[in-house]
Amino acid sequence: MSDHKMRLGAFLMAGGHHISSWRHPDAYAPAGTSIEHFIELAQIAERGKFDMLFVEDAAAIRERNPDMASQAARSTMFEPLSLLAALAVNTSHIGLVATASTTYNEPYGLARTFAAIDQLSGGRAGWNLVTSASELEAENFASSGLRPHSERYERAEEFADAALALWDSVEDGAYLAGGQFADPARLHPVHHKGKHFTVDGILESPRSPQGRPIMVQAGASDVGKELAARTADVVFAASQTIGEARAYYADVKQRLVKYGRQPDDIKILPGISPIVAETESEARAKYQALQELIPDAVGVALLASYLSIGDLSAHPIDGPLPDIPQTQAMQSRQQLIVDLGKRENLSIRDLARNFAGARGHWQVFGTPAQIADAMEERFLAGAADGFNVMAPLFPSGLEDFVAMVIPELQRRGLFRTEYEGRTLRENLGVGAPAKR
Ligand SMILES: Cc1cc2nc3c(=O)[nH]c(=O)nc-3n(C[C@H](O)[C@H](O)[C@@H](O)COP(=O)(O)O)c2cc1C
């Protein structure tokens with residue numbers, strides 16, 4: 001059996017990734033702020049031997065228009081780090097990855113919180129570094145609105161360096177060593193003075209049980225990929241076709257060379273939104289049942305928000321997408337939507353209905369063997385090191401995946417049957433940072 005195994009993330013989200021999941025008869029509508037719900041999801045994923053739980057974030061209500069907010073259920077969700085702290089004590093092996101912004105935080109504060117989750121969980125924490133592309137989020141923090149893409153990434157570069165230095169400011173065994181509470185020789189103050197931040201201190205935490213928390217990066221523009229190549233252990237990406245996924249994969253991996261890193265030092269996990277059932281027609285019927293719940297206006301508003309154009313309603317819904325100016329927000333997703341519309345000749349209505357399922361991520365419907373075939377094909381073709389699994393409906397979508405697809409992947413030797421290690425870093429099999 002092959003040693004080459006997939007890595008899997010379980011991307012959590014209130015009632016499910018489908019925009020109308022909350023309206024489904026099997027949904028638990030108040031899921032976003034139910035800790036019991038998230039504990040259940042975490043335990044299902046851990047039973048499935050997933051590498052990690054993954055939680056996205058935006059520090060804002062997700063819809064500007066209250067009519068849309070009232071129908072989209074995207075706006076109630078626990079703040080990710082608080083949620084993962086609670087899940088740390090209700091799980092024992094699975095990694096805990098939270099999204100946090102470099103635009104609206106400071107390095108010391110965030111490095112400290114991730115260090116705490118890492119200690120609480122015995123070395124299972126990961127940080128999904130984002131620069132935050134939402135206007136709504138910007139309005140909560142800066143009167144000048146969303147900062148330009150290049151400026152956000154410049155700040156992100158400096159932020160990542162400062163956070164990494166802070167995690168490295170404490171050596172292994174610095175505390176309770178040789179009869180002292182702390183050994184001063186093993187504490188290394190950070191003296192960082194840059195354009196965006198000043199940090200002069202030592203992290204008040206023992207060194208991470210996994211060396212450092214895992215760095216995840218979600219951002220696929222040119223600067224986003226460069227930051228990933230320099231600092232990330234895992235990359236979360238969105239691609240529709242196998243061609244796009246392979247090109248993205250090759251691009252990120254070849255960028256590692258100039259940072260003295262090996263291709264295997266980064267795991268690239270594109271999103272997949274699977275609907276599995278005993279037969280293909282049953283799987284398609286499950287998808288159709290969700291699709292019937294999308295009000296057109298909600299689908300179009302979601303599409304417009306990812307294109308970062310305030311409104312699409314001035315354009316005929318059965319006509320093509322108009323020309324979209326390049327945005328300062330999520331440039332890679334904007335391109336994905338424009339490409340998808342052109343490639344499949346989709347109207348705004350059809351594009352919105354497609355996007356409502358998984359926000360542009362790859363959607364696959366079928367039997368356990370068909371889903372495993374699709375995943376295996378991309379895994380073996382150099383398009384992915386694994387996947388971030390985005391069940392359209394929780395908990396049933398994740399349960400079905402664990403009950404049906406995971407055993408099929410295991411039978412093929414493509415996925416673990418037991419956790420190999422204790423920490424997230426060990427399970428992912430990404431290199432340990434140099435010991436300090
Ligand atoms: C797959 C993927 C997932 C992302 N998830 C989030 C998220 O949860 N929260 C967030 O604020 N930004 C998210 N982003 C966007 C980042 O904020 C990114 O830093 C932003 O500047 C747009 O990225 P790009 O133009 O480099 O693709 C995501 C981007 C990608 C590609």
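**Close-ups of a predicted model**

K49 sits in the loop between α1 and β2 (helices, H or I of at least four residues, and strands, E of at least two, are DSSP runs numbered from the N terminus). This is a predicted model, where local features need pLDDT of at least 70, side-chain atom pairs count only at pLDDT 80 or more, and totals for chains, interfaces and linings use all residues. Residues are numbered from 1 along each chain as its sequence is written, and side-chain values use heavy atoms, with hydrogens and water left out.

View A. K49 has a phi near 65°, positive although the residue is not glycine. K49 is also buried, at a relative accessible area of 16% (buried is under 20%, exposed over 50% and partly exposed in between, with a 1.4 Å probe and protein chains only). S132, in the loop between β4 (125-130) and α5 (135-139), has a phi near 70°, again positive in a non-glycine residue. S132 counts as buried at 7% relative accessibility.

**View B. Strand β2 and its neighbours.** Strand β2 (residues 52-55) is covered on both faces, with M52 and F54 buried on one side and L53 and V55 on the other. Parallel to it, β1 (residues 7-12) is joined to β2 by four bridges (strands pair if DSSP finds at least two bridges between them). Strand β3 (residues 95-101) is parallel to β2 as well, with four bridges. F54 is the bridge partner of F11, and the bridge partner of F54 in β3 is V97.

**View C. The largest nonpolar core.** Among the 87 residues of this core, L8, F50, L87, W127 and M375 touch the most other members (a nonpolar core is a set of buried Ala, Val, Leu, Ile, Met, Phe, Trp, Tyr and Cys residues joined through side-chain atoms within 4.5 Å). Helix α6 (residues 149-167) gives the most to the core, nine residues. A separate second core has 24 residues, including I337, L346, I348 and L351.

**View D. A cis peptide bond.** F394 and P395 are joined by a cis peptide bond, with omega about -5°. P395 lies in the loop between β13 (386-389) and α14 (396-411). As background, most peptide bonds are trans, and most residues other than glycine have a negative phi.
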